[in-house]
Every structure is written in C-alpha cells, then in structure tokens.
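Hello,

Here is the structure I said I would pass on. Please open it first, then read the notes below with it on screen.

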Amino acid sequence: MSHLDRLAARAMGQNVPMSVLLELTGRCNLDCQHCYLDIHHPPRDEMSTDEFRGVLLQLRRAGTLFLTLTGGEIFLRPDVLDIAAEARRLGFGLRLFTSGTRMGRAQADAIARMGVLGVEFSLYSHRAAAHDAITRRKGSYRKTLRAALLLRRRDVPVVLKAPLMGPTAGDYAGLLALAGRIGAQGKLDPSIIARRDGNRTPLGLRAAPDALVAMLRDRRVWQAEQLPPPALADQAPCAIARRACRIGPNGDVFPCSTFPVAAGNLRRQSFAEIWSGSPLLAHLRSIRAGDLGPTCSGCSKSGYCGRCMALALIEHGDMLGPSAEACGIAQAKERALDLDLPPPPGLARGIRRLPVVA
C-alpha cells in the first residue's frame, strides 16, 4: 500500500475531508449536450473572492490536502488565478478543471508558476467537428487543444478526458493517441449521468453496451486481470461524506461531487460545524454495504460495479436501491474479461425511474 493509499484509508476512517471539489461558478460559455449542470439557470449568488479565501482557510484547518477548482467554466471568473494562487500558498495540492476556451498565454504562464498537480480538459473527440457538435460551440475544439498545448510547452501536467458517448464512441482510440502526441494523459469515463436536477435528457447519449465493452478491452483504458470480490456487509459503500465533498459557488456543502442535496451553507455555518454536525452527513456515514436494498446488498458484482448512491438517487429516486448504469458497467467488465455471469438478481423486474424533467 502506498503512502497516499494509507492517508486515504485514515481519512476514510476518521472522516477527514482529504479531497474537496470547489465549484467557483455554475456559468459556462459552452453548452455541452451531456452536461449535468443547468448552465441556463446557474446560481446567481456566487461567493466573492474574499469568501472563497475564507473557505480555503477553513478547509486547511479541516485537514484537506487536495483541492480541485471547477465550474461551470472557472475562467469566467476574473479572480480564478487569485483563488488558485491562494490555494497553492496554503499548501493544497491543486487541480484545475476547465475547457481552456478562455485561456491564453498569460494564464498559462501563471498556472505554470504555481506548480499545480495538473489541469484537466474535457475533449470529446480527436475530430474537431465531433467535439464542437457536443459542445454546441464552433471553434471550441481548437481553443481547448491550444490551451492544452500552451500548458504542455510549460511542462504543466495535462489530462484530456471524455465520457464514452454514443456519438463519439468510435473516437476514443484517436483521443488517446492525441493525448499521447502532446505528452498528456488520456482519461475515459464509462458513465453518462442525469442532470443534478433530475433531468434525464443526457442519458440518451449513453454509448451502446458493445462500445463500452470494446473500450474496456483496450489495455490503455482498463488493465484489470480479474474482478474483485463482493463488498463486505460492514464496508462503507464509497467515500461520500467521509473523505470527500463538494462546495458549490454559493457556499452550499454537498456530501460528494454528485450528491444533489446540500448538508449546509458556508454563509450560515462554518465548514467545521457542517462537517461535524450535519444530520445528513451523519446518516450517510452510518450506511454500510449491508444496508443497501436487497438487489445490491448481496450482489456478487458489488465489488466492481462502481455503484454510486448519488447517481442511484438522481436517476432512480432511491439512494439505497440499484443503479441501472452500475449494473450495465459491471456486465460490460465481465464481457471485457470474457466471463459469462448471470445478471444481478431482481434487475429484470425493473428499476423505478424518475420522469424526465421538462
């Protein structure tokens, strides 16, 4: 076990928010088809620069080590580099999530001077037309790739990442090759998730099962030789409310990067008060794998399905129930390893889905 793994295990056991996702804004200059945010109705009461500085101090006192600045598009805030520089001054390991479409040489120079862990760009294809069709903004591919190159020329670690989507499923190998050519890491995500407000429109972009299996069979994407055993009944299902959380642009504190219900707000309470005193966080911390619904608690696939309570809640209305997406990913992993295992018990009876929000 690495030193980082030991730190993560300690954070998990002691409820230390080791890693925090800090959303600076819900605004974005792109309109990506699959986005889980509603960029047309973003939060209007974003925290000020000084408020974010105060949040950083509170997180340092809480034991946070790793911080990710994200949006929306973080460079729509003119103070983004001031906030980032303050985070580095306080000693956080810092990552930036951005489309890069608002970046230029001056911003690249500033990021290089900070010594960040990395900058992650969403790039959906190695083909400009395919990427721009997803973002619904002509020229966005060129701007994103230019920003990635600006940072690589300054030796900043860069990640080009994309979810596997139906319209671009055949492009993943080209995207990985592009990342390699510019000295970046390529990262692919098998999931497309519903919007946080319950709108399920993005789910129509999910790739076909055969495309997911093909991606998982690529050793550059997934290196597993065998599947892990089922989760133990007394095992925590994930890091939710334990060693990770998300803070929204208006100060709302969420149990993880995806969970849609806030545990409190930093304009009314301190982070320490929320983290240690929220009934929602206490409830989530009490849940163990054996507390999940009957389809999941005894499922032999639970060690590798990647089931997420937040996604089960958003997509199906029950955070303890099954997730069709997780079940599908588990079966794709089995097929990628040429296994022939039965589907999860009870899945054929169907999973309750929430109606699409108009």
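A crossing of two helices is called right-handed if the near helix is turned clockwise from the far one by less than a right angle, and left-handed if the turn is anticlockwise. Keep in mind that this is a predicted model.

Helices H8 and H13

H8 passes H13 in such a right-handed crossing. On the H8 side the contact is made by Pro209, Asp210, Leu212, Val213 and Leu216, and on the H13 side by Gly328, Ile329, Ala332, Lys333, Arg335 and Ala336. Sorted by type, the residues of this contact are seven nonpolar, one polar and three charged. H8 covers residues 209–216 and H13 covers residues 324–336; their axes lie 9 Å apart, at an angle of about 55°. The two helices are therefore oblique to each other.

Helices H4 and H6

H4 (residues 105–114) packs against H6 (residues 140–152) at an angle of about 40°, and their axes are 9 Å apart. This angle makes H4 oblique to H6. The crossing of H4 with H6 is right-handed. Arg105, Ala108 and Ile111 of H4 meet Arg146, Leu150 and Leu151 of H6. Four of the residues in this contact are nonpolar, none is polar and two are charged.

Helices H2 and H3

How are H2 and H3 oriented to each other? H2 (residues 49–62) and H3 (residues 80–89) pack at about 20°, with 10 Å between their axes. Because angles under 35 degrees count as roughly parallel, H2 is roughly parallel to H3. H2 also passes H3 in a right-handed crossing. From H2, Thr49, Phe52, Arg53 and Leu56 meet Asp82, Ile83, Glu86 and Ala87 of H3. The contact of H2 with H3 has four nonpolar residues, one polar and three charged.

Cysteines

How many disulfides does the structure contain? A search of the whole structure finds zero. Cys28 is in no disulfide, and the nearest cysteine sulfur, in Cys32, is 6.2 Å away. Cys28 is partly exposed, at a relative accessible area of 26%.

Cys305 counts as buried, with 12% relative accessibility.

Regards

Conventions:
Residues are numbered from 1 along each chain as its sequence is written. This is a predicted model: local features need pLDDT of at least 70, side-chain atom pairs count only at pLDDT 80 or more; totals for chains, interfaces and linings use all residues. Side-chain values use heavy atoms; hydrogens and water are left out. A disulfide is a pair of cysteine sulfur atoms within 2.5 Å. Buried means under 20% relative accessible area, exposed over 50%, partly exposed in between (1.4 Å probe, protein chains only). Axes are lines fitted to C-alpha atoms, for helices over the stretch in contact, and angles run from 0 to 180 degrees between N-to-C directions. Helices (H or I, at least four residues) and strands (E, at least two) are DSSP runs, numbered from the N terminus. Angles under 35 degrees count as roughly parallel, over 145 as roughly antiparallel, 65 to 115 as roughly perpendicular and the rest as oblique. Contact means heavy atoms within 4.5 Å. Ala, Val, Leu, Ile, Met, Phe, Trp, Tyr, Cys and Pro count as nonpolar, Asp, Glu, Lys and Arg as charged, and the others, Gly among them, as polar.
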